[in-house]
Amino acid sequence: MIGATIASLRQHQEKLSLFGYFVVMLLLTLPLATMLGSAYEGGKLTRELINVHLLVDVIDLEGVSVFFLGIFVGLLVLLTIDPKKRWQGYLLWIGLVISLLGLQSMGLFIPNIEFTASTNLTWLGVGVLLGLFLGGGRKLLRTRTAEALEFRRAAKGIYYIVTLLILGSLIETHLIYPQLLEVSSSGVEVVGTNGDFAVESDGLVRNAVLSGIFVFTVRRFIQYDAEEDFFVLGPRASGKSLFLIGAYLEALNRGQEDEATQQTPLQPSQDLMEMVENLDQRAEGWLIEATGRGEIKDLKFQYVHGSTFPKNVNVSSIDYAGEYLGRLPDALSGAVTDDEADNTLLRLAEEVEEADTLILLVDLERLVSNEPLEISEYFSILQAANDMGVFIVATKADVFVEDFRAEHGIEPHLAYDDFKDYVGQRLRQSKEVDSLIRQTAGAEIHPVYYQTTVNDNGDRVPMRDETGSVMTIGFDRLLDELGR
């Protein structure tokens, strides 16, 4: 029961977070709008800066007000169009309406502006157009390119405006100081710099806490690309290439279902696409050749996890000859100098050091065949790459399908969690794997595989659906885990 509840919470984590942010904004917007109104009524410097419009004959106070409102609206329109920030945009619209109603209750802003006046409508329109321009709205006029449809400048602009308003209001509300400027149609005059400064402590702590929470919430709204880089390691013939291909195919399928994912290119490497093309041929077998010594193949792609608070996830590997794994610990620890290492080893060490999390592959086919797993290097790598996240992935898990079906009477893809536990139990019978799990603080084992069948020669070959495509199992769950 508890496990099912935790799984459900993890599955709906984004929606719960969105609801939590909505509640925070709903509770904070009105009192902060009240603080904004109080700051305008009592602030000296702010009022004089706003009165600078008196020096310009072409615009009055109403025009200034609707002009800046238009800029904010233009930025907010772009944020709402952005598929990665659409829900945040909806909530900010609600926050804007509540703020305006709060100011109206104090007799500020809306009651003082005649929105039907042609001059005010003109300045409102100019502000909206300027907001669209500053926020990157020109992207909407371009033919779609490999660049993701994002309006990062609009998000930053909204954050800067909100932060400036909140912090400025906090200062004006609680800082007591003499009048510094006097603005009139004849110019700006410094009327005094002497006088006492003091702090109005009544409500200061409350307003400071509310302001901090609100600014943090808005920053969470506009934050793009909480990124994480995963790098795949595995011994020779452990299925590195097929793992990257399967993960990419799953990410590609996701892009057909989610709009935010559709608008973000996967950016696969050329080497990966060549392998995908080979596997996509409707021929029996894998058509994936082993990587030779001295040969480097860059295998990488990115995908977006989540729709409410999307995260960019980069998955990469170098399809290196298997013997390089044994030399990697020395390269990471500095026991091998740059002069002694070749380009492949240096590149491999660099990629590991730059990654946030390592994906370590364990070949189940070796386990079934009683062959050495060749994962002893993992321990030295983890010690050299300190404080790095780890995922353990069991490749070629199709070798356990028949045993699982016989014991549980169900196909693994219909009971993936049970199959995952089953694979984990089988693997932990290996003292080497059990030690690796302990080394990684109890990391879970994620089995993945292609649905396969045995041909007349006794070789496992991929099964294909009615469209001729290979069928992958477990990659969807793994991509979810990588994106959390």
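A residue is termed buried when its relative accessible area is under 20%, exposed when that area is over 50%, and partly exposed in between. In the predicted model, Lys 396 has a relative accessible area of 23% and is therefore partly exposed. This residue is placed in the loop that links β9 (389–395) to α16 (401–408). Most residues other than glycine have a negative phi.

Thr 395, by contrast, belongs to strand β9 itself. With a relative accessibility of 4%, Thr 395 counts as buried, because the threshold for burial is under 20%. When residues up to four places away in sequence are not counted, Thr 395 touches Ser 238, the residues Leu 361, Val 362, Asp 363 and Leu 364, and Val 448.

A positive phi also occurs at Gln 267, where the value is near 50°, again in a residue other than glycine. Gln 267 is found in the loop between α10 (259–262) and α11 (270–280).

Two packed helices are described by the angle between their axes and the distance between the axes. For helix α15 (residues 377–384) and helix α18 (residues 431–439), the axes come within 10 Å and cross at roughly 10°. Angles under 35 degrees count as roughly parallel, so α15 is roughly parallel to α18. On the α15 side, the contact is made by Tyr 378, Phe 379, Leu 382 and Gln 383, and on the α18 side by Glu 432, Ser 435, Leu 436 and Gln 439. Of the residues in this contact of α15 with α18, four are nonpolar, three polar and one charged.

Notes:
Residues are numbered from 1 along each chain as its sequence is written. This is a predicted model: local features need pLDDT of at least 70, side-chain atom pairs count only at pLDDT 80 or more; totals for chains, interfaces and linings use all residues. Side-chain values use heavy atoms; hydrogens and water are left out. Helices (H or I, at least four residues) and strands (E, at least two) are DSSP runs, numbered from the N terminus. Buried means under 20% relative accessible area, exposed over 50%, partly exposed in between (1.4 Å probe, protein chains only). Contact means heavy atoms within 4.5 Å. Axes are lines fitted to C-alpha atoms, for helices over the stretch in contact, and angles run from 0 to 180 degrees between N-to-C directions. Angles under 35 degrees count as roughly parallel, over 145 as roughly antiparallel, 65 to 115 as roughly perpendicular and the rest as oblique. Ala, Val, Leu, Ile, Met, Phe, Trp, Tyr, Cys and Pro count as nonpolar, Asp, Glu, Lys and Arg as charged, and the others, Gly among them, as polar.
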